[in-house]
Amino acid sequence: MKPIDFIIISTLFMGALSQHVQSQTIRYPKEVKAIYDKADQAAQLTKQQQPIIGIPASDNTQTEVSKVEQAGGIALIIPFSTNACALREIAGTIDGLVLTKGVTEGDNYSILLNKVASDRNIPVLGDNALMAKIDSGLWRIHDNCQDYNTLIERGKLFKRAKNLHRRMFTVNTHADLPDGYDEGNSIGLRRHNQVSVQKMEEGLLDAEFIIDFLEDGAKTEDELDKAEAKGKRIIQQIYDDVEKYKDFCAIAKSPEEALKIKAEGKKAVFLGLENGAGLGNDIKNVKWYADKGVSYITLTWMKDNAICHSSTIKYKENDPSKGLTKFGRKVVREMNRQGIMVDVSHTSEQTFWDCIKYSKAPIICSHSGCTANYKHDRNITDEQIKALAKNGGILCVYAVWNYQGKNKYKTTIKEMVADIDHAVKVGGIDHVGIGTDFDGGGGYTGIMAENDIINITMELMKKGYSDPDITKIMGGNMLRVMGEVQALANK
């Protein structure tokens with residue numbers, strides 16, 4: 001190619017490229033250019049996102065907008081409405097709420113705004129006697145923000161927690177919802193029950209273990225037959241309840257199924273059996289429950305049964321005869337074969353050590369606490385926590401006031417987090433989870449229902465836990481153990 005030809009071709013190419021670039025350049029009309037340019041400059045890439053603060057429509061709206069923006073937040077004016085559904089949806093988009101005048105009896109707008117914020121544990125600026133009374137009735141920690149700077153800082157924490165919940169998978173390992181079926185409770189109804197899809201959505205909880213709970217001590221053939229029949233009936237009740245709301249929740253039999261359910265925008269329901277009396281006296285029932293999707297069996301409850309001895313019954317310390325029975329050892333081995341986790345909450349200490357010895361798979365405490373923080377037969381010792389960790393298992397910490405404190409009006413989420421913190425220090429970050437025991441005696445100030453689950457995350461954040469560590473505590477560890485137990489069964 002001649003040099004002159006190269007120059008001509010290059011000139012033509014550059015001209016075409018210039019024309020192409022010019023044709024793709026965005027040009028703002030002069031009438032808006034200055035404002036649009038300023039808006040582009042404001043679009044900075046940052047992980048420190050500003051919290052969105054809801055402001056009620058009022059005569060003082062513009063002043064409050066300015067104060068929110070000066071403090072570093074983004075103001076969102078909430079239209080005047082008493083449509084509870086609409087306000088609930090709006091609440092799902094905000095990280096803080098301004099209620100400088102508090103809540104007034106008879107003012108449905110302010111009352112509903114306070115409710116939808118309280119339901120989601122959204123930080124609120126504003127305080128008065130009625131708000132304090134409401135919080136007391138709902139077992140909330142009444143600690144509203146007193147200035148805009150505090151509101152913005154709490155809004156940032158709340159937003160960070162929400163963002164983490166959307167990325168991680170959260171599991172509460174114990175709730176006795178079926179115990180309230182006779183009172184009309186349901187997973188699809190937001191009522192006084194602590195567990196519902198609505199409350200799971202508000203607390204950004206992905207999965208709940210719904211428990212087939214049986215009362216004590218079946219030992220005779222007749223008692224065992226009745227316990228077996230009741231246990232199977234309750235399993236069907238849970239299936240029927242979930243089926244009613246199949247567009248919003250589904251039963252998960254494995255970690256993989258649970259993750260798929262979350263991806264579909266639904267809540268996952270795991271199944272557990274509390275009290276092995278539901279097996280009756282037929283070892284084949286272990287497989288029956290496994291086929292139904294039961295992921296763990298709590299071997300006993302508050303009395304001894306045909307499988308093992310309970311922590312509630314006082315025996316001579318380290319009595320080797322007060323652990324697993326001969327039938328109990330068969331049950332543990334069969335649970336291993338069927339991929340069902342062995343749950344030693346409620347069992348005697350000797351039963352715990354027997355399960356460590358005889359189980360070939362990791363074991364769990366689905367809802368227990370730490371003896372080091374509060375001495376009670378339902379809590380486990382540091383030695384047990386270490387053994388549980390060595391076994392590959394997990395301690396899921398509950399929120400039951402009389403197992404963690406002396407006064408239910410003074411016991412708070414701080415006690416639950418203290419147990420989590422202690423268990424992490426003793427057993428390691430890979431062996432701790434949460435199992436509140438909602439609708440079965442669990443719940444106190446700050447962690448009273450599923451919509452309060454996000455409070456645990458925020459408390460852990462305030463203690464300095466990293467996002468990866470919180471991800472393990474809030475569900476990752478439980479999914480790992482469940483997966484390992486199921487994998488061992490398939491070998």
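Of the 491 residues of the protein, 51% count as buried, a term that stands for a relative accessible area under 20%, with exposed set at over 50% and partly exposed in between (1.4 Å probe, protein chains only). The model is predicted, so local features need a pLDDT of at least 70 and side-chain atom pairs count only at pLDDT 80 or more, while totals for chains, interfaces and linings use all residues. Residues are numbered from 1 along each chain as its sequence is written, and side-chain values use heavy atoms, with hydrogens and water left out.

The secondary structure comprises 18 helices and 14 strands; these are DSSP runs numbered from the N terminus, a helix being H or I with at least four residues and a strand E with at least two. The C-alpha trace spans about 95 × 80 × 40 Å along its principal axes.

Rolling a probe the size of a water molecule over the atoms shows where empty space is left. A cavity is a set of points, on a 1 Å grid over the protein atoms alone, where a 1.4 Å probe fits but cannot get out, and its lining residues have an atom within 4 Å of a point. Grid points are joined across faces, edges and corners, and a volume is the space filled by probe spheres set on the points. The structure holds one cavity of 30 Å³ or more, and the largest cavity has a volume of about 40 Å³. Its lining consists of Ile78, Leu87, Ile90, Ala91, Ile94, Leu97, Leu113, Val116 and Ala117. By class, the lining has nine nonpolar, no polar and no charged residues; Ala, Val, Leu, Ile, Met, Phe, Trp, Tyr, Cys and Pro count as nonpolar, Asp, Glu, Lys and Arg as charged, and the others, Gly among them, as polar.

Charged side chains were considered next. Side chains of opposite charge can pair when their charged atoms come close. A salt bridge is defined as a side-chain nitrogen of Lys or Arg within 4 Å of a carboxyl oxygen of Asp or Glu, and the structure holds 27 salt bridges. One of them joins Asp95 to Lys162, with the closest N and O atoms 2.8 Å apart. Asp95 lies in the loop between α4 and β3 (96–98) and Lys162 in helix α7 (residues 148–167), so this pair ties together parts that are 67 residues apart in sequence. Both Asp95 and Lys162 are buried. Arg190 and Glu202 also meet in a salt bridge, at 2.9 Å from N to O. Because Arg190 is in the loop between β5 (171–175) and α8 (197–203) and Glu202 is in helix α8, the pair ties together parts that are twelve residues apart in sequence. Arg190 is partly exposed, at 28% relative accessible area, whereas Glu202 is buried, at 3%.

A further salt bridge connects the side chains of Glu459 and Lys462 (3.0 Å, N to O). These two residues are three apart in helix α17 (residues 453–462) and are therefore separated by about one helical turn. Glu459 is buried, with a relative accessible area of 12%, while Lys462 counts as exposed at 52%. Elsewhere, salt bridges that share partners join Arg88, Lys115, Asp119, Arg120, Arg190, Glu201 and Glu202 into one network.

Rings of Phe, Tyr and Trp (its six-membered ring) pair if their centres lie within 6.5 Å, and planes under 30 degrees apart count as stacked, over 60 as edge-to-face and the rest as tilted. By this rule the count comes to nine aromatic pairs. The ring centres of Tyr28 and Tyr36 are 5.0 Å apart and their planes stand at 75°, so the pair is edge-to-face. Tyr28 is partly exposed at 26% relative accessibility, and Tyr36 is partly exposed at 43%. Tyr398 and Tyr403 form a tilted pair, 5.5 Å centre to centre with 45° between the planes. Tyr398 is buried at 0% relative accessible area, and Tyr403 is buried at 12%.

Methods:
On a 1 Å grid over the protein atoms alone, a cavity is a set of points where a 1.4 Å probe fits but cannot get out, and a pocket is an open set with protein on both sides within 12 Å along at least five of seven lines; lining residues have an atom within 4 Å of a point.
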